Amino acid sequence: MSVTWAMNPTLPIVLPLLGAFLLQPIARVSAALARAVGPAILIACLWVLTETWLAQGGRPFAVAIGGFAAPLGIVLYVDRIALLFAAAVPTFALLFWPWAGTGQEATRESALLLLLVSSVTGLALSGDLFNIYVFYELAAVASFGLVAIHATGRAYVATIRYLLQSAFGSLLALVGIAILYTKTGTLNLAHLAQLAPSTLHDPLGLASFALMLIGFGVKGELFPVNTWVPEVYATAPARIAALLAGLVSKLAVLVVVRLLVLVFNQPEAAQLMLVLGAVGMVSGELSAWRAKDFPRMLAFSSIGQLGMVFIAFSLPGTTGVLAGLAVAFHHLVVKSGYFALAARWGGSLESLSGLGRRSKLAGAIYVLFALSLIGVPPLPGFWTKLIVLVALAQHGSLELVAMAAILVVTAIEANYLFRLAVVLYRKDKAAPAGPEARAPGLGVGLVAPLLALVLLAATIAIVPVTEGLRKVAAQTVDVASYVRTVFPPVSLPLAQKD
Amino acid sequence: MTPVDSLFLVSGLTLVVALLFGRQRLTASLLVALYGAQFAALVQTGTLFGDPVTASFGVTVLDQPMHWRYDALSWFFAMITIGAGFFCAWYAAGVWQEAHVKRGHSPWLFHVALAANVFAMVVLLGSGDFLSLFLGWELVSWASFLLMALGGRASGRAALRYLTYAFSGAMAILGAMALLYTQAGSLEYAQVGAAIPKLSAGQLWVLLALLGGGFAVKMGLLPFHLWQAPAYAETPGPGSAFLGAISARMGLYAIIVVIVSMVGVARLVDLSIPFTFLSGRDLIAWIAALTVILPTYTALQQHDARYLLAWHGIGQGGYMLLGLVVGNAVGSAGGLLHIFNYALTQAALLMAVFAVVHRTGTADLNKLGGLVARMPLTFLVLLFGIISLAGLPPMAGFVSKWMIYRSLITEGMPLLFVAAIVGTLGTILSVYKLIHNIFLGQLRLEHEKVPEAPLSMLIPMLALSTLIFLAGFMPGPALSWVAEVQRLVGLPQVQYSLGGVVDPRGGLDMIWLVSILLAGFGVGAVVFYGFGGKSQQVHQLNNYAGGHFLTADVRYQYSDNFYAGLMHLIGPWYRGAFRWIEDGVGGVVDLLSYAMNWVYRSVQPLVFLLATTVAMLVWAAV
Amino acid sequence: MMSLSLEAILYTGAIGLVVIGALGLVLSHHLFRMLLSLAVAEAGGNLLVVLAGYRGGAIAPILGYGAPGTPMVDPIPQALVLTAIVIGVGVQALAVAVLVRVYRAYGTLDLRDLVEHMQGDIAKAAGIPRSTSTHAPGGERPLPPVPALVRHQPRGGRS
């Protein structure tokens, strides 16, 4: 079928990329123009994606880049889940855009953000494994620059540690890709899906999955490659932490899910993901219990929630993907909202004493997000937990252990979140503040209330939201349809090895 | 628009009115009227003597339908809930509210919290399947948290402790629900009830542990009871009365719905604990019995009147469960009736105590005394309350306790009977301490001019005491409600009359009993006032001790360390074992958290990465 | 007796490079040495990818290089490796830039000291008192001022 230029899925990738590199020259010409370019590009991307959704109505399609057909050429695959994640990227980038910045630093940050947006959209839309690897590395480089944007010593140390861990993880992913290529001779996801049952269901295939899981799991905050998370979220500006924790991590998880569903459709691979996710969840939430400042508490909580995302996605079938999508999007909204609050609440937890009384909106938003995060009905967080728990209870004993772990960990989460809530609503006066501590601001900005409204809207409209997610999930696990879309029924000669 | 819809609507309207207009002074009276309207709506549903009524709305999320309905059991609990809300709101409107504002709190928050509690409980009691049960359960838990956190710093701490316990319990319930769904394929009561008989003994034990544990946390059964006393005691005024009266009984409602109704006492008797001669029912009965004894003797040692009554609340919950689990007609009726009687009693007692606090400024039993001279009506309310709490005729508490004792004997459980009696002994001792230290003895200098409790507080208290007496004098109507509940739940129904229980082997007729008692008082009064000769009135402070006249400027009141001898005997037994367990759990979490933090703070995180990679590769190869 | 085919030697070499690099990353605590170990490991990884396309006795994949019909090695991994090398170089350049900044900020490249500095700075910025251990009730001994760092710190007592 023909793709009109307004629906061209390369636009959301190419436009921000161009914008990132042209931003500095434009800034020399006109500062006002440079400030407008970023948001304009993001809105254009959003428009293209909306057009695509409306025109296609959920039917998947594939686009071969440069005219080279699959499996030798790179393919962009656009289905519901890809569109959903790709649309989330410019939305949240707009929400966390540095509107208030001026001058060189703002231009730099905008350029890096556009680079991040481009690469992360590529992660969502790409259908070729090495293409995904390249976009992943691009996203990593952009995030290194963004973490260090405020040029403090501690940010640099956190950046270099993040860099070393990420680079080593990527190296392991590359080795995994090498093993994959050796066994199958192709890197196109659809072609791999066809070849996987005969070639990859053996220890070497599982090893390649393990290596790729670790490699792509660095951004997905998977245990054990998530030690960078608390340092980076404590030293990077809260906006960047919001984007990394909320948005980029979910895209990394999407990559792993595509691999799991299409290529490594074996119970051992799922079990591996379940175990790592469970360990990550337990370690993250337990560490959060002792956190003494708000950004690090959020960092550990984020590790815990992403562990639960991995647990959810490791379950087979539509229910697994539905559960994972529900947890992932819920976390996206809530964690972004929390980091929006953290932009002004950067001090120690004790310094937040009495803040809820002085700024009622901030306190109310905090409590709302906390209730949803721990899963109090009728908020959406409860439904996500219910799907995950019910799905876990129906499988074997390993899943039952994971279910028990989720229940215990949620109780601990409730304790530390509401410990802070009690501190927020305390009546007595001034709390100890360090010499450099910023006094917590009273306003909440726009982002946090906006996200709170989104959450409330999702609560009221919970039935259509879950039904929509179920359709997305059903399409995602339909491997046959994926293969059919990329390879319309004309058989291709498979790559010959000799 | 079914009657249940209108009940939900009026209840929600109360909450909305409290939210919007809570800051105005007249709203308090409006709210009292609205609680009365809720009561009327409840009576309108007519489900007590009729069939269950379903609400017209329902929601289906993720293929799980949620619907709400009211039956006789819901009616019984809702009647108590709305009644408690009504009386507490009545008490709060007026002088108490003004004093609350003067202390720097917000009356708006209080009214909203109370209305939210009543609404949440109304929703919980109407649940028609496990999912709506969980929804209502969480709403009730969080509404209680809101009410508890309203006081100062101490109440915030107690509320956080409550939250940790309550949420852990809720997670246990959620886990049980997930397991039940796997077994039954649905969360509807009918399907789950059909699937439960097919469960093996091991599965049933897991279910009982999870569900029973979760519900027990709310009820305050051992060993999950440590949060309840501080949380209820530190809640301001009428909130504490409301929580003490009915809040913990929500756990009992859930236990009745799931364990008594779906699992059934007979199945519990068949479920034996391996390597012992005990059954599941014995286990629950002994947990209930220990809940009766241990917190009651803890109450004995308290010197804060609110804490004393709050610890009693835990103990009396044990009586209710004990009666229910015995399972025969009289016993289960006694357990259910005790819910009603105890709600009246606890509300009256706490209202009286808070009236004293309002007038004197303290609830410390070592700093009060002799107030009967200044606050005689409050004394009367407290007197009625403690007679009922101790389970002595002619008050309501006697009826339900008598029924429980009798059923324990007829069912052949003598040890449990002794345990119940020991609990009553503790109750009698501690309520005597309560009334003596506050009202009897010598009046303190600083309380010489204390006036009687204000009218806005006095009238609800007196109304409750009248109800306590009437419920004791003529327990018939209450027993009729209880019989309907028994019919619904599947327990054998009690035979009742206006005066009490009808039983060929020896029933109870309170009308005769109270008449004889009053006649006895009458005879005594005639003898004392008529024939007894002149008695001389001596001033209270006219004392003589050990060859020395005591002067009026030094007051003697025996209040501190009231039961010194008894404490000497049983004191060493109270080693704080449960607190040790609680601290232990907290310590384990702290240790694990420290270990995880160490992992994340390590200088060489790549070690873990490498170790995990190698482990995975080895596992993949194997 | 292992058959020492060329392929086996090359695979061993590539995996060996990765292992050497990994060990270097893990065992070293000087940032620049860690970066060099990373470079070595990346070289090993790239070699592995190229080896995936190796065909015994084949020629280089250049059009017109040999007679038509001669087997060629698989060109795709070579294209992939070009990309991977460029990515690797880019990341290493960025890492060196960050290293320079780190040195300017703290005067040292020793990871152990840097982590202490970073944690201390985070705690100071947030207003959290650093040491709550009963082993050091008076707090940690403060690190000497930058850049005159002398590494005599006791290795124990770190929490």
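Here are legends for a handful of close-up views of this predicted model.

Local features are given at pLDDT of at least 70 and side-chain atom pairs at pLDDT 80 or more, while totals for chains, interfaces and linings use all residues. Residues are numbered from 1 along each chain as its sequence is written, chains are lettered from A and ligands numbered from 1 in the order in which they are written, and side-chain values use heavy atoms, with hydrogens and water left out.

**View 1. A buried salt bridge in chain A links D79(A) with R258(A).**
The closest N and O atoms of D79(A) and R258(A) sit 3.0 Å apart; the cut-off for a salt bridge is a side-chain nitrogen of Lys or Arg within 4 Å of a carboxyl oxygen of Asp or Glu. The two partners come from distant parts of the chain, 179 residues apart: D79(A) is in the loop between β2 (75-78) and α3 (80-95), and R258(A) is in helix α10 (residues 238-263). Element labels like these are DSSP runs numbered from the N terminus, with helices being H or I of at least four residues and strands being E of at least two. Both D79(A) and R258(A) are buried (buried is under 20% relative accessible area, exposed is over 50%, and partly exposed is in between, with a 1.4 Å probe and protein chains only). For the overall tally, the whole structure has 17 salt bridges over all chains.

D63(B) is exposed, at a relative accessible area of 54%, whereas R470(A) is partly exposed at 25%. Zoom out a touch and E467(A) joins in: salt bridges with shared partners put E467(A), R470(A) and D63(B) in one network.

**View 2. R306(B) and D304(B) form a salt bridge within chain B.**
For this pair, the closest N and O atoms are 3.0 Å apart. R306(B) is buried, and D304(B) is buried too.

**View 3. Helices α8 and α11 of chain A pack against each other.**
Two packed helices are described by the angle between their axes and the distance between the axes. For α8 (residues 203-217) and α11 (residues 267-289) of chain A, the angle is about 30 degrees and the axes are 10 Å apart. That makes α8(A) roughly parallel to α11(A) (angles under 35 degrees count as roughly parallel, over 145 as roughly antiparallel, 65 to 115 as roughly perpendicular and the rest as oblique). The axes are lines fitted to C-alpha atoms over the stretch in contact, and angles run from 0 to 180 degrees between N-to-C directions. The crossing of α8(A) and α11(A) is right-handed, meaning that the near helix is turned clockwise from the far one by less than a right angle.

Most residues other than glycine have a negative phi, and most peptide bonds are trans.

**View 4. D560(B) sits in a loop of chain B.**
The loop in question runs between β4 (548-550) and α22 (564-570), and N561(B) is in the loop between β4 and α22 as well. D560(B) is exposed, at 54% relative accessibility. Its C-alpha atom is 48 Å from that of P504(B), which is 56 residues apart from D560(B) along the chain.
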